[in-house]
Amino acid sequence: MNCRVCGEDGVRSFLDLGKMPLSDGLVRPENLLGPEPTFALEVAFCPGCRMVQILEDVAQEVLFPEDYPYFSSFSDQLLAHARRHALNLIETRSLGSDSLVVELASNDGYLLQNFVEAGVPVLGIDPAPAQVQAANDKGVRSICRFFGRELAEELLAGGTARADVIIANNVCAHVPDLNGFVAGMKALLAPDGLITIENPYVRDLIDHCEFDTIYHEHLFYHSCSGIERLMQRHGLHLNHVEYFPELHGGTLRYHVSHAAGRTPELEAYLAGEVADGVDSFRYYEGFAKRVEQLRGDLLALLSGLRAEGRTIAAYGAAAKGSTMLNYIGIGRELVSFVVDRNTHKQGLHMPGTHQPILPVEALVEQRPDYTLILAWNFKDEIMRQQVAYTEAGGRWIVPVPHPEVVAP
Ligand code: JHZ
Ligand code: ZN
């Protein structure tokens with residue numbers, strides 16, 4: 001297949017997860033017996049532009065239906081991270097009542113609400129109707145659309161000012177036409193404006209065996225080497241990078257503008273990627289073996305506990321949780337239910353493996369002996385909230401980078 005970004009052939013596959021259901025395709029109880037679509041899921045590296053990508057295309061309307069269940073506001077850690085980012089931008093960019101901040105994939109307004117509070121005008125853009133409604137309900141002006149070059153031009157023609165800041169968090173993995181998306185950002189950005197982009201770092205994905213963050217919604221897995229080339233294609237410049245090791249298993253925030261120039265931090269990241277081969281196929285080659293090893297280890301741990309008569313539940317009906325359960329083959333005989341505090345997910349069932357999703361109180365009420373943390377990226381926050389479960393003797397299993405029983 002040809003690369004989704006540079007169009008060259010020669011894209012090289014390095015991990016085949018087989019046929020998988022859609023990660024956010026939570027199943028309604030009345031549909032449990034019906035057919036559930038599955039789609040191949042295979043990851044590859046493009047030597048031409050360094051972009052790591054999956055080979056399959058699932059239609060956007062199927063991936064992001066009207067009842068798309070992900071709401072950003074259910075993690076305190078994420079809310080705190082977003083608030084720090086907003087306050088920092090207001091200060092360093094001297095934003096005020098005559099500025100404009102545009103967020104792409106603004107979800108329920110979890111980030112833009114901080115600008116609104118400070119009197120800075122905003123525009124949120126997101127294709128998920130319920131999330132856009134929730135944002136508007138809290139006073140965060142948002143429109144329900146997919147973003148790309150066309151929408152950028154439509155907005156400008158309709159009188160929207162060029163943006164002083166454009167924020168694109170956890171969305172550059174999701175857009176099939178990444179070139180159109182970046183061209184849209186370029187068009188919409190004020191001459192001296194700043195774009196910040198956050199994504200999980202593909203280097204952490206490989207180093208810490210975070211294979212479960214691979215699912216059909218995530219078409220791309222980003223690095224500095226890939227983002228720099230992508231921006232160059234569109235006459236934009238990657239200037240700076242910041243690292244957040246605790247966020248989503250390791251996140252990079254890229255700073256992009258119309259002006260050339262690299263900070264020493266960015267130079268160091270780029271040089272490190274070249275030195276360690278992150279910008280070449282060899283970094284990805286041995287990954288499939290390590291994923292298989294993790295599968296064997298986690299299955300052995302869970303089956304061993306069940307054989308001793310222990311009960312096991314899971315925490316977090318995350319998209320990545322679906323990849324974990326389905327790829328490893330963790331059915332209801334191993335893990336009997338999943339808890340999640342997102343009320344939109346409760347009452348539904350996990351894709352493929354069909355564990356029911358219950359409110360988090362079920363952990364204390366049903367007291368499973370062990371709880372597998374599927375949302376391992378929030379493990380500290382989750383264990384802090386669940387002191388009563390731990391004190392009642394409940395124990396925790398974290399699946400990555402190696403499956404292990406952890407003490408809070
Ligand atoms: P969470 C998300 O992926 C969404 P997901 C998206 N696919 C993306 O790109 C990545 O992030 C980067 C719940 N929870 O956010 C909330 C509690 O119940 O890690 C969520 O359902 N209690 C767009 O879906 C789930 O866990 C808590 O205390 O893999 C976490 O899912 C906390 C903190 C979370 O990722
Ligand atoms: Zn390419």
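Strand 4 (residues 101-104) and strand 7 (residues 163-169) run parallel and pair over four bridges. Strands here are DSSP E runs of at least two residues, and helices are H or I runs of at least four, numbered from the N terminus; two strands pair if DSSP finds at least two bridges between them. Within this pair, L104 stands opposite A168 of strand 7.

A word on the source: this is a predicted model, where local features need pLDDT of at least 70 and side-chain atom pairs count only at pLDDT 80 or more. Residues are numbered from 1 along each chain as its sequence is written, and side-chain values use heavy atoms, leaving out hydrogens and water.

Next, the aromatic rings. Rings of Phe, Tyr and Trp (its six-membered ring) pair if their centres lie within 6.5 Å; planes under 30 degrees apart count as stacked, over 60 as edge-to-face and the rest as tilted. The whole structure holds 11 aromatic pairs. One of them is F14 with Y284, tilted, at 5.1 Å centre to centre and 35° between the planes. F14 sits in strand 1 (residues 12-20) and Y284 in helix 10 (residues 282-285), 270 residues apart. Both F14 and Y284 are buried, where buried means under 20% relative accessible area, exposed over 50% and partly exposed in between (1.4 Å probe, protein chains only). F14 and Y284 also belong to one aromatic cluster with F45, Y283 and F287.

Note on methods:
Chains are lettered from A and ligands numbered from 1 in the order in which they are written.
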